[in-house]
Amino acid sequence: MSNPSFIIVAIDGGAASGKSSTSRILADQFNLLHVDTGSFYRHITAELLRRQVPYTDLPALKNALGSLRFTTQLAGRSAQMLIDGLPAGDEIRDQRVNEHVSHYAAIPEVRQTLLAYQRGQVEVAQAHQFRGLVMEGRDIGSVIFPAADFRFFLHADPVERAKRRAAEGRQDSIAERDRLDSSRKTSPLKSSAGAIDIDSTHQSLEQVVAAMAATIATKLSPV
Ligand code: CDP
């Protein structure tokens, strides 16, 4: 790593646990590249559905994965994954993708396809002079960056999480995605040893962010 003070913050947690809101604010406070890996899994899912490649057809899936070209473009402080030069559309938040994404994400070949791309975001962040990156997902602290400077795991009561998503006006299969994400063999959703567990059920977004920011500030001062 060319810049020794470059920091990596990993934020994992279940569906609608507050990863994106907290990550975005921390990215602004510390001038970090924000990387939402859930959006990558959603984008791949939408693309495979568009190509009518079912997650049950492994040979067709492998073939399709091998033909996809991944690049990155920045939208403010967030990394956007392009597939064959195109950004994700709004449909990646639709119910169809909500219902399918965890099935595609459970397939080792899909995860393997995204592994190097996700790690490569360090070079993207450094090339754009960010002071580090904050990456959110399910397996960031356990698999993608187990040696990250900070590894947080967000918990929240499922009822509270369902309320949050409904307040966003979105229909989502939160419980079903959590069940599939936690029970898969490859890179399941779980808090890894040494991660900082935060339960946000009875805390405001500001309180959660303040706790995380105070921890990060032990190594990097806010901008
Ligand atoms: O925003 P929300 O918490 O609802 O989910 P997301 O972060 O957009 O992730 C969508 C889905 O992608 C998850 O339910 C997982 O199946 C999958 N995912 C994953 O397997 N590994 C990651 N690092 C990120 C997402």
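Trainee: What does Leu133 touch, and how do you know that these are contacts?

Mentor: Leaving aside residues up to four places away in sequence, Leu133 touches Phe6, Ile7, Ile8, Val9, Leu32, Leu33, Gln121, Val122, Ala125 and Phe145, and contact means heavy atoms within 4.5 Å. This is a predicted model, in which local features need pLDDT of at least 70 and side-chain atom pairs count only at pLDDT 80 or more, while totals for chains, interfaces and linings use all residues. Residues are numbered from 1 along each chain as its sequence is written, and side-chain values use heavy atoms, with hydrogens and water left out.

Trainee: Which residues of helix 4 are buried, and what makes them lie on the same side?

Mentor: In helix 4 (residues 95–105; helices are DSSP runs of H or I with at least four residues), Val97, Asn98, Val101, Ser102, Tyr104 and Ala105 are buried, that is, under 20% relative accessible area with a 1.4 Å probe, protein chains only. They cover an arc of only 160° around the axis, so they are on the same side of helix 4, the arc being that of the directions from the helix axis to the C-beta atoms. Their cover includes helix 2 (37–50), helix 3 (58–67), helix 5 (108–119) and helix 9 (174–183).

Trainee: Why is helix 8 called oblique to helix 9?

Mentor: Helix 8 (residues 158–167) and helix 9 pack at about 125°, with their axes 10 Å apart. Angles under 35 degrees count as roughly parallel, over 145 as roughly antiparallel, 65 to 115 as roughly perpendicular and the rest as oblique, and therefore helix 8 is oblique to helix 9. Arg161, Ala162 and Arg165 of helix 8 make the contact with Ile174, Arg177 and Asp178 of helix 9.

Definitions and conventions. Buried means under 20% relative accessible area, exposed over 50%, partly exposed in between (1.4 Å probe, protein chains only). Helices (H or I, at least four residues) and strands (E, at least two) are DSSP runs, numbered from the N terminus. Axes are lines fitted to C-alpha atoms, for helices over the stretch in contact, and angles run from 0 to 180 degrees between N-to-C directions.
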